[in-house]
Amino acid sequence: MASLSIRNVRKVYPNGAEILKGINLEIKEGEFLILVGGSGCGKSTLLNMIAGLETVTEGEICIGDRCVNNVPPKSRDIAMVFQSYALYPTMTVRENISFGLGIRKVPKDEQKRIVERVAETLQMTHLLDRKPAHLSGGQRQRVAMGRAIARNPSLFLFDEPLSNLDAKLRVEMRAEIKLMHQRLGTTTVYVTHDQVEAMTLGDRIAVMKDGVVQQFGSPQEIYDQPSNMFVAGFIGSPSMNFLRGKLVSDTGHVAFMLEHAGKTTLLPLPEKLALSLKKNLAGNAPADIILGIRPEHVTDAVSARRSETADGYLPTEVACVIELTEPTGPDTLVFSSFNGARITCRTHPRAAAVPGQTMRLAFDLSKAVFFDAVSELRLA
């Protein structure tokens with residue numbers, strides 16, 4: 001395995017389009033890095049540059065202690081797993097896995113030993129004599145992974161490998177990939193647009209937008225402390241709720257005043273959060289502030305009253321009009337509105353949520369985060 005350093009990397013095409021705008025990432029040996037973002041954010045371009053399939057306009061890409069900007073792909077000691085599997089249709093699974101070993105002139109008996117070990121690792125020994133046409137999508141992706149493992153590279157690269165699979169298979173293959181990484185410990189860079197894959201697989205995540213890394217950190221850090229509104233809205237399903245308003249002093253306590261459609265609603269903030277905001281903003285609070293709160297921190301008031309809260313804090317209750325419900329089994333998603341503001345929450349599956357009716361929802365504002373309405377950056 002090897003570390004990976006990406007230093008001030010830019011990619012500009014001849015037509016002037018700048019796809020990557022100075023990327024800086026340091027990936028440790030054995031780390032699993034996720035590059036996540038929407039279409040066109042530059043994540044696949046960056047992966048192709050690491051692989052040597054795209055040239056670097058500016059900056060350096062180093063695998064271990066070696067700068068690989070001008071090193072051809074075959075000499076970078078990497079293995080890549082593609083979205084389309086890229087298997088040879090006329091070859092058996094055994095031949096597909098051993099193909100790269102033959103190119104490197106590995107002795108036949110050693111090839112056989114490696115193929116059998118890889119097949120056992122991925123639980124596909126019984127598939128070795130089949131051809132790709134006789135395999136399911138999940139089995140083909142497993143073969144593509146096996147071919148990569150057989151090379152024993154210092155770096156694995158995955159380019160949206162699960163996007164062609166159905167939902168059940170994606171969950172199964174996510175587990176396979178995670179187990180494979182735990183067993184092998186090979187440094188891995190994985191590209192996806194699926195934030196669930198990003199949260200469940202990565203040691204660290206780089207969230208990208210418009211060729212810029214918006215935030216780089218652990219999954220929990222990015223989920224709990226998003227650096228800006230884009231990250232907050234992109235990571236998490238359903239996405240974070242955003243409410244525009246102001247911080248005001250209400251009888252000596254700090255509250256968030258929501259203004260919408262000519263109406264105002266005061267949401268008192270927990271004392272600890274209010275003191276932290278006062279200290280860090282030091283009287284320099286922006287005129288408009290966005291309050292962000294995740295759906296799991298908004299629930300039906302009846303369930304909230306039954307739950308214990310830290311430091312005696314009681315969630316703020318607001319009467320909302322239910323627009324739509326989505327039962328998911330363990331809970332129900334409720335899409336509602338109050339004063340024209342849209343709110344998504346998670347409630348108990350047996351909560352009395354009926355579209356068109358009013359329901360009291362409880363906001364656990366101790367879990368809220370705040371953003372500057374102009375810059376969209378999170379306030380300390």
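A residue is called buried when its relative accessible area is under 20%, and exposed when that area is over 50%. In this predicted model, E31 has a relative accessible area of 9% and is therefore buried. The residue belongs to the loop that runs between β2 (18-27) and β3 (32-37). Leaving aside neighbours within four places in sequence, E31 is in contact with E26, H181, T186, T187, T188, D203 and R204. With R204 in particular, the side chain of E31 forms a polar contact of 2.5 Å.

β3 is one of six strands in an open sheet with mixed pairing, whose order is β6-β7-β8-β3-β9-β10. At its edges stand β6 (78-81) and β10 (212-217), each of which pairs on one side only, and from one strand to the next the twist averages 15°. Within this arrangement, β3 and β8 (residues 187-192) pair in the parallel sense over five bridges, and V36 has T192 as its bridge partner in β8.

Two helices can then be placed against these strands. Helix α1 (residues 43-51) lies across β3, β6, β7 (155-159), β8 and β9 (204-209), and runs at about 150° to β7. Helix α4 (residues 137-150) also packs on the sheet, where it touches β6 and β7, and its direction makes about 175° with that of β6.

Note on methods:
Residues numbered from 1 in each chain as written. Predicted model: local features only at pLDDT ≥ 70, side-chain atom pairs only at ≥ 80, totals over all residues. Heavy atoms only, no water. Helix = DSSP H or I, 4+ residues; strand = E, 2+ residues; numbered from the N terminus. Buried < 20%, exposed > 50% of the residue type's maximum accessible area, 1.4 Å probe, protein only. Polar contact = N/O pair within 3.5 Å; in protein donor to acceptor, adjacent residues only side chain to side chain. Contact = heavy atoms within 4.5 Å. Pairing = 2+ DSSP bridges. Axes fitted to C-alpha atoms, helices over the stretch in contact; angles between N-to-C directions.
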